[in-house]
Amino acid sequence: MTDVSSTPPATRRVDPVALLAFAVVALAYGRAIWFTPPEATQGFAQKILYVHAPAAWVAFLAFGVTALAGAFWLFLKDQRLDRLAESSAEVGVIFTTAVLVTGPLWGKPVWGTWWTWDARLTLTLFLWFIYVGYLVLRGVIPGREQRARYAAVVGILGALLIPFIHLSVYLFRTLHPLPVVARPEGPAMPTVMVKTFFLAFFAFTLLYVAFVRARMALATERDALDDAAVGG
Amino acid sequence: MSAPGLLGSAWLIARKDLAIEFRTRSALLSALVLSLLAIVIFYFAWDSTAVGAGDLAPGVLWVTFTFSGLLGLHRSFGVEAQDGAMDALLIAPVPRQAIFVGKALANLAFVLGVQAVALPAMVLFYDVGVGAAWPALIGVMILAAIGLVAVGTLFAGLTANTRLAELLLPVLALPFFVPIVMPAAQATAKLLAGRPLAESFAWLRILLAFDLVFAYACMLVFPATLDD
Amino acid sequence: MTPRVEAHDLVRVFGGRRAVDGVRCSLRAGECLALFGPNGAGKTTTLRLLAGLLSPTSGEARVAGVRLPSPEARHHIGLISHRSMLYEALTARENVGFSARLYGLADPEGATDRALRALRIADRADVPVRQLSRGMQQRVAIARAIVHGPDVLLADEPYTGLDEQGATALTALLRERREAGAAIVVVTHHLHEGLALATHAAIMQGGRVVRHESAHGLDPLAYADTYRALVA
């Protein structure tokens, strides 16, 4: 259960993955702001795409990782998997919040309204609710093993729920621009925008990895501290 | 001597839960009163000259069922926690899943019981003409109740052992009720508007799929919510 | 002959704390182990491991030669606790009958009647349990635990809440069961009651059995001194 071997050294060094992530984020946004032309109809507001869409991708990635880590934990009972689930969910909530904030910011100039019950935005909102509930649940359970077990159950069911919410809200109504990059006949955006777009995706994915690594290191230290406190 | 199988022991547990509920009647009565109150109060929350009662009815109905259902679910594991009776169930030679199925069956009876009173009450108070849509409407009720109870029973068991159980249950369970309440309310609205059942098929498919997937998944993961 | 109850190096860790740390024991039919120790010594956890209510972190527990928590092993166990494990809205007959049916007894009504008569509560059998006194409730709880004729009885602080008369009746009942061939493990603070029943006595502290001996000819007063010397 305890894996002292993975306890990090006491001296804190800056994670090279974090450095790389920040560098790529800077590169992507430098490119997005100065070197990518504004979109013809939406103007400068369209730049928010480079935050909104990659954040949404990371949000779903994060919760997928949480569900998978939880499922594997149920079989392997390895504490590191639970720390991964916990860290990924927390980082995921941050990115989901970014999606929910940038959505209205983009929506106001483009659609003329802050909030619309658009299918994908609504889905993201429910995703946020599910995983905030997940984190609240983690917060009220003191026992490490019980917490991991319960969290795994909610993580797995949450992942199962997403397609159902997607179907429901999609059937309800949809206003959202249809996919403009991942289309079979090729992206509808100019190549220069697509390159920036993918760079931003890559940057956010790296950022996700860096955040999760930092959060996991924290969780490892917390668990080690708890173990030391009970004399285990 | 051989212990009853999954369904046999689930049936015993469901019958026991219903006997307790029937003896005390506290949860069922509160749930019934709550749903009647909700139906009455919602009527005054809208301007009835601007919005027709018939347009309000489906939304009111489903919000009401969701919250009164939660009230009943919470009690489900409370009776086991009170004097440690859960230990007696766990030590008995019955499959762990039988506890889930038994509790879910009792909760299903509970929710259907509330619906059986609240639905006619709503039809009466809101003066909705149901007409030929009764069988389809009841079908929607049952489909929705199954999904609601499957997820609700699991989360009731999960939160029963935690602090803040009464707060945590709705926070965790309500997002899961979205793909139940949305299709059920939409289908109800279509049926009450006199549209043919075929127009609601897309919604009913979601409901049915949700029932199948979550009834099975919840039964599968239920043992992980038991402390060992 | 296969021992009724066996524990092989049972270890149970709760969040880094070793609540039970290498307990082993073996009881044959007709033997009774009294487990003493201060609060937090791991007595209840040991009993729950032997009942299959907890799974061990390492080691294993067997009942009638079958590894827990297999349903086949659980068939042999009757559990008595300081909590009644009853449904207070139901009558004694309904509570005991429910258990009889869960164990799949051929004649649940008959078995219920016999258990209620054995505990001398047949005349109050149709009153909701909530209206019975604490001592009466404890008798119903015992009737519930023995209705399926278990040959292993696990009792966790069964004397809590019983008056003098109730305690004497419980000791007599457990002794009768032991003489009929049941193996019994009783966890208690009460040295006198425990020793009156036991063939073996053990003292636990810090998750370990620190003293284990035959209870034959053990003087309760002298044993109390031994206990205090060990535990204080």
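Accessible area here comes from the Shrake-Rupley method with a 1.4 Å probe. On that basis, chain B exposes about 8900 Å², and carbon and sulfur atoms supply 71% of it. The model is predicted.

**Chain B: overall build**

- Chain B has eight helices and zero strands. Along the sequence its pattern reads α-α-α-α-α-α-α-α.
- The radius of gyration of chain B is 18 Å, close to the 17 Å that the globule rule gives for 228 residues, so chain B is as compact as a globular protein of that length.
- Taken along the principal axes, the C-alpha atoms of chain B fill a box of roughly 60 × 35 × 30 Å.
- Buried residues account for 54% of the 228 residues in chain B.
- Consider the contacts in chain B with a sequence separation of 6 or more: 80% of them come from residues 24 or more positions apart.
- Chain B carries 11 positive and 13 negative side chains. The centres of these two sets lie 6 Å apart.

**Chain C: overall build**

- Chain C contains eight helices and ten strands.
- A compact globule of 232 residues would have a radius of gyration near 17 Å, and the 17 Å of chain C agrees with that.
- The C-alpha trace of chain C spans about 45 × 40 × 35 Å along its principal axes.
- Of the 232 residues in chain C, 58% are buried.
- Among chain C contacts between residues at least 6 apart in sequence, 66% join residues at least 24 apart.
- Chain C exposes about 9300 Å². Carbon and sulfur atoms supply 49% of that area.
- Chain C has 28 positive and 24 negative charges, with mean positions 4 Å apart.

**Buried helix residues in chain B**

- Ala14(B) sits in helix 1, residues 6–24 of chain B. Ala14(B) counts as buried because its relative accessibility is 2%, and the cut-off for buried is under 20%.
- Leaving aside neighbours within four places in sequence, Ala14(B) is in contact with Gly102(B), Leu105(B) and Ala106(B).
- Thr159(B) belongs to helix 6, residues 134–160 of chain B. Its relative accessible area is 1%, so Thr159(B) is buried.
- A polar atom of the Thr159(B) side chain lies 3.5 Å from the backbone oxygen of Ala156(B).
- Not counting residues up to four places away in sequence, Thr159(B) touches Ala165(B), Leu168(B), Leu169(B) and Leu172(B).

- Ala69(A) is in helix 2 of chain A. With a relative accessible area of 4%, Ala69(A) is buried.
- Ala69(A) touches Leu81(A), Leu84(A) and Ala85(A), again not counting residues up to four places away in sequence.
- Ala69(A) and Leu84(A) are 15 residues apart in sequence. Their C-alpha atoms are 6.6 Å apart in space.
- Lys77(A) lies in the loop between helix 2 (49–76) and helix 3 (79–111) of chain A.
- Lys77(A) has a positive phi of about 55 degrees, although it is not a glycine.
- At 31% relative accessibility, Lys77(A) counts as partly exposed.

**Backbone features in chain C loops**

- The peptide bond from Leu68(C) to Pro69(C) is cis. Its omega is near 5 degrees.
- Pro69(C) is placed in the loop between strand 5 (66–67) and helix 2 (71–74) of chain C.
- Arg120(C) is not a glycine, yet it has a positive phi of about 55 degrees.
- Arg120(C) is found in the loop between helix 4 (108–118) and helix 5 (134–146) of chain C.
- Arg120(C) counts as exposed because its relative accessibility is 57%, and the cut-off for exposed is over 50%.

Notes: Residues numbered from 1 in each chain as written. Chains lettered and ligands numbered in written order. Predicted model: local features only at pLDDT ≥ 70, side-chain atom pairs only at ≥ 80, totals over all residues. Heavy atoms only, no water. Helix = DSSP H or I, 4+ residues; strand = E, 2+ residues; numbered from the N terminus. Buried < 20%, exposed > 50% of the residue type's maximum accessible area, 1.4 Å probe, protein only. Polar contact = N/O pair within 3.5 Å; in protein donor to acceptor, adjacent residues only side chain to side chain. Contact = heavy atoms within 4.5 Å. Rg over C-alpha atoms; globule rule 2.2 N^0.38 Å. Lys, Arg positive; Asp, Glu negative; His and termini not counted. Charge placed at Lys NZ, Arg CZ, Asp CG, Glu CD.
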